[in-house]
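Visitor: I would like to learn how to read a model of this kind, feature by feature. Could you take me through it slowly?

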Amino acid sequence: MNVLSKIYIAGHTGLVGSAIVRKLEMRGYKNLIHKTSAELDLRNQQAVNDFFDQQKPEYVFLAAAKVGGILANLTYKSAFIYDNLQIQTNVIYAAHFCGVKKLLFLGSSCLYPRLAPQPIRETELLTGALEPSNEFYAIAKISGIKLCQAYKMDYGSNFITVMPPNVYGPNDHYDLENCHVLPALIRKIHEAKKLNSPTLYLWGSGKPKREFLHVDDLSEALLTLMLQYDELSPINIGASADISIRQLAKLIKEIIGYRGQIKFDVTKPDGTPRKLLDSSKAIQLINWKPTISLENGMRELYGSLEEEEWYE
Ligand code: GFB
């Protein structure tokens, strides 16, 4: 891949896709193509085939997916399995028949078994039962990984797969019913401060631990993997550190300057207790390491949210 290669970024308006576009543009890549979901519904196989036929991309970053936090995963099971199966199957198949030179597909740390030994190595995939709260999403995404591997094994297609942890940064969603925990906590704590609320309740026990990676660190790794990684196995790209939801809330409380008390509503689900990735393979193979600390990343993110409709 070079700066003149024709590169399709599927999901370019999302958290990860937009970070990939920023990174590629910063590095001088000039021939990027993307479509909004209104312009191209990736669940429509014929539309996707036609798009690949016309555009003939050489490289594909497949960052389009139906994603959401624990409640969204529990509420919209059919959409999480159907949309993701359709999107990834259509794009991976079209990439295969159009002879795309390389495709990168994104999985997630929640694809590993709920009780996998920590930190989780790539070899743990499909060794145990999944976390029930995101089983439908995980099964769809595991199928995507297997489809990439199948094309690689049958035809030698250079389709690689990557496992990130919980990712945060610009262009995230703040819809409290559907979003991930980090943006949810930023919004909830910001609003509690505005209202001078003496107490704020967050979901679950606060005990589960999560690994948060800034999306700009992830996109740096994804570009390097596109240039250097060709193996059949997925590769973990994580921050190599995790933090409890209670600690995360404390950190965000300090950043925002909220003085009330944070309590936990144990009637709400916790999800998996822990899903810390072992990223030693990435560190060894591509010499990648994250550069943005969680505190700095969140401070910068919080400072950039004035435009959000809930901020005022
Ligand atoms: O980001 P999140 O929703 O999903 O985080 P997962 C859930 C954890 O944060 C649970 C707690 O322990 C929740 O109880 N939590 C506390 C909250 N307050 C809130 C809140 O206001 N909103 C949310 N959302 N959580 C997701 C998967 O799992 O991880 C996705 O469901 C994806 O499919 C993503 O894989 C990376 O981290 O549990």
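Visitor: To begin with the ligand, which residue has a polar backbone atom 2.7 Å from an oxygen atom of the ligand?

Guide: Before the case itself, note that this is a predicted model, in which local features need pLDDT of at least 70 and side-chain atom pairs count only at pLDDT 80 or more, while totals for chains, interfaces and linings use all residues. Residues are numbered from 1 along each chain as its sequence is written, and side-chain values use heavy atoms, with hydrogens and water left out. A polar contact is a pair of N or O atoms within 3.5 Å; within protein, one must be able to donate a hydrogen and the other to accept it, and residues adjacent in sequence count only if both atoms are side-chain atoms. The residue you ask about is Ile 70, whose polar backbone atom lies 2.7 Å from a ligand oxygen. An N or O atom in the side chain of Asn 166 is 2.9 Å from an oxygen atom of the ligand, and a backbone N or O atom of Trp 203 is 3.1 Å from a ligand nitrogen. Taken alone, the ligand exposes 700 Å², and the protein buries 97% of that (areas by the Shrake-Rupley method with a 1.4 Å probe; for residues, only the protein chains shown count as cover).

Visitor: How should I read the strands, and in what order do they form the open sheet?

Guide: Two strands pair if DSSP finds at least two bridges between them. In this model six strands form an open sheet with parallel pairing, in the order E2-E1-E3-E4-E5-E10; E2 and E10 are the edge strands, each pairing on one side only. Strand E1 (residues 7-10) is joined to E2 by two bridges, and Ile 7 stands opposite Leu 32 in E2. Elsewhere, E7 runs parallel to E12 and is joined to it by five bridges, with Leu 202 opposite Phe 264 in E12. The covered face of E7 carries Leu 200 and Leu 202, and the uncovered one Thr 199, Tyr 201 and Trp 203.

Visitor: How many salt bridges does a search of the whole structure find?

Guide: A salt bridge is a side-chain nitrogen of Lys or Arg within 4 Å of a carboxyl oxygen of Asp or Glu. The search finds 15 of them. One of these joins the side chains of Arg 43 and Asp 83 (3.6 Å, N to O). Arg 43 lies in the loop between strand E2 (32-33) and helix H2 (45-55), and Asp 83 in helix H4 (residues 77-97), so the pair ties together parts 40 residues apart in sequence. There is also a network of salt bridges that links Lys 23, Arg 27 and Glu 220.

Visitor: Is Asp 83 buried or exposed?

Guide: Buried means under 20% relative accessible area, exposed over 50%, and partly exposed in between (1.4 Å probe, protein chains only). Asp 83, at 13% relative accessibility, counts as buried, whereas Arg 43, at 35%, counts as partly exposed.

Visitor: With which side chain does Asp 242 meet in a salt bridge?

Guide: Its partner is Arg 274, at 2.7 Å, N to O. This pair links distant parts of the chain, 32 residues apart, with Asp 242 in the loop between strand E10 (235-236) and strand E11 (243-244) and Arg 274 in the loop between strand E12 (261-265) and helix H9 (280-286). Asp 242 is buried at 18% relative accessibility, and Arg 274 is partly exposed at 29%.

Visitor: Why are Lys 250 and Glu 254 separated by about one helical turn?

Guide: They are separated in this way because they are four residues apart in helix H8 (residues 245-256). The side chains of Lys 250 and Glu 254 meet in a salt bridge of 4.0 Å, N to O; Lys 250 is exposed at 54% relative accessibility, and Glu 254 is exposed at 52%.
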